[in-house]
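Here is a short report for a reader new to this structure. Look over the sequence and the model before reading on.

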Amino acid sequence: MGAVFLVAAVTGGCDLPGSSACEITGANGQAVTNTSVGAWPTDLSWREIWRVGGLDETEQLVLPADVAVSQDGSVAIADWGLAEVIVLDPGGQWRGPVVTRGEGPGEVQAPAAVTWVDANTLLVLDFGTFRMTTLDLSVDPGFVSRSAGVTAVDPAFLFPVFASGQVRFVALQPDQTVWLEFPGPIDDGWEERAFVRWSPETAVNDTVVRSRTRVLESATLAAWPRSLLGVGAETWVVSDPDGKYELTVFDQDGEALVRFCHTEEALPLSPAERGEDADSRMPAAWRKDIGELGEPSESAVISRIVVDADGRIWVQRDRPLPGADETHGAPGAMYDVFLQSGRFLGSIRLPDDQRLLEARGRRVWTLHVGSFDESSIVALEIQGI
């Protein structure tokens, strides 16, 4: 009964003064039509709670690949560059590495993803050893790494991504399901990409989404629409491949729970996306090549999907520049936020140079990369909701 009431409340919002509504096409499962009016106020702001890393040599971070936040707010950081998994307490106090570089059962070589199984158990995906390591943090209060179990991951699943030299998308769920974006053949500037999942209980890799991606020297050109994927602990979300602002939420069995839409349109192409401005982060030789590609018939309205610890869906509007690292999204990006039910909550822009990693309640954790390429993990709180 609650789900039916929620859909009625959302679709009823179409009659609000000054609001506009989107339309669902080809919906599977429950359909939610949002208006331009969200539940959050429009005058939201940020308060920084704490930050770690940066130029502090006692809190060194090199290349954070992933973070996971437990129910009590403890933060686990998988640092690819250090080959360590580091834990912070809910207040941001540095508790140190719980697993370090090595080949033993409680060690890692290239940690790419991390998730909390419960309050005292971490699951770590290691590309370097083709395995998942389960860490029982209750075993040793001194936070010396303790392995509670090791699970091999099919090398045929991990190796194509590892060999490509770029892990574009990786997600790890508490039930040991691993998600990757696979590279594919490139033909006339288009690459066939696939989002694929694997788990120890399945004998074959499961391709859940296929999409053609506009690329330049294998780098994604985000202005061209394609299917995007966001993965949470219990659900996953796929966007429309043709650029419409429509997304579908699936459960762990692949059953569609809800399809929803939103009213926002694509942001205008930037000078860099037209090949008219050689941004310092974009290879100068690309300007001519991008200009010769022309413009997409419909620009991409979104460029990233993040499913947070509460199951909410954060949809990034700003597109990363051509050639920029898109792993953690564009810095200072605008996000539209939805409940798992598809109801639109509101929009909020991240502070400059910060990239969204995780969120729970009003708390948001971001990656900040400074002028000396130093990495910090920042905890922010949304003010006004």
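Helices (H or I, at least four residues) and strands (E, at least two) are DSSP runs, numbered from the N terminus. The model is predicted, so local features need pLDDT of at least 70, side-chain atom pairs count only at pLDDT 80 or more, and totals for chains, interfaces and linings use all residues. Residues are numbered from 1 along each chain as its sequence is written, and side-chain values use heavy atoms, with hydrogens and water left out.

**A buried arginine**

Arginine 131 sits in strand 10 (residues 131-136). Is arginine 131 buried or exposed? Buried means under 20% relative accessible area, exposed over 50%, and partly exposed in between (1.4 Å probe, protein chains only). Arginine 131 is buried, yet has no salt bridge. A salt bridge needs a side-chain nitrogen of Lys or Arg within 4 Å of a carboxyl oxygen of Asp or Glu. For charge, Lys and Arg count as positive and Asp and Glu as negative; His and the chain ends are not counted. The nearest side chain of opposite charge to arginine 131 is aspartate 126, 4.7 Å away.

Backbone oxygens lie by this side chain instead. The backbone oxygen of glutamate 103 is 3.3 Å from a polar atom of the arginine 131 side chain. For the backbone oxygen of glutamate 107, the distance is 3.2 Å. Contact means heavy atoms within 4.5 Å. Leaving aside neighbours within four places in sequence, arginine 131 is in contact with residues including Gly104, Pro105, Val124, Leu125 and Val150.

**Salt bridges**

How many salt bridges does the structure hold? The count is 20.

| Arginine | Partner | N to O distance |
|---|---|---|
| Arginine 317 | Glutamate 264 | 3.4 Å |
| Arginine 362 | Glutamate 381 | 3.8 Å |
| Arginine 363 | Glutamate 381 | 3.9 Å |

Arginine 317 and glutamate 264 meet in a salt bridge. That pair links distant parts of the chain, 53 residues apart. Arginine 317 is in the loop between strand 23 (313-316) and strand 24 (334-338). Glutamate 264 is in the loop between strand 21 (256-261) and helix 3 (286-293). Arginine 317 is buried, because its relative accessible area is 6%. Glutamate 264 counts as partly exposed, because its value is 33%.

Arginine 362 meets glutamate 381 in a salt bridge. Arginine 362 lies in the loop between strand 26 (354-360) and strand 27 (363-369), while glutamate 381 lies in strand 28 (residues 375-383). They are 19 residues apart. Arginine 362 is partly exposed at 36% relative accessible area, whereas glutamate 381 counts as buried at 12%.

Glutamate 381 also meets arginine 363 in a salt bridge. Arginine 363 is in strand 27, 18 residues from glutamate 381. Arginine 363 is partly exposed, with a relative accessible area of 23%. Elsewhere, salt bridges that share partners join Arg168, Glu181, Glu191, Arg193 and Arg226 into one network.

Why is strand 27 described as largely enclosed by the rest of the structure? Because five of its seven residues are buried. Two strands pair if DSSP finds at least two bridges between them. Strand 26 and strand 27 run antiparallel, joined by six bridges. Across this pairing, leucine 356 stands opposite threonine 366 in strand 27. The hairpin of strand 26 and strand 27 has two residues between the strands, and glycine 361 there takes a positive phi near 60°.

Strand 27 also pairs with strand 28, in the antiparallel sense, over seven bridges. Here arginine 363 has glutamate 381 as its bridge partner in strand 28. This hairpin has five residues between its strands, and aspartate 373 in the turn has a positive phi of about 65°.

**One disulfide**

A disulfide is a pair of cysteine sulfur atoms within 2.5 Å. The count comes to one. The disulfide joins cysteine 22 to cysteine 261, with S to S 2.0 Å. The S-S torsion of cysteine 22 and cysteine 261 is about 80°, so the disulfide is right-handed. Cysteine 22 is in the loop between helix 1 (2-12) and strand 1 (30-33), and cysteine 261 is in strand 21, 239 residues apart. Both cysteine 22 and cysteine 261 are buried.

Notes: Polar contact = N/O pair within 3.5 Å; in protein donor to acceptor, adjacent residues only side chain to side chain.
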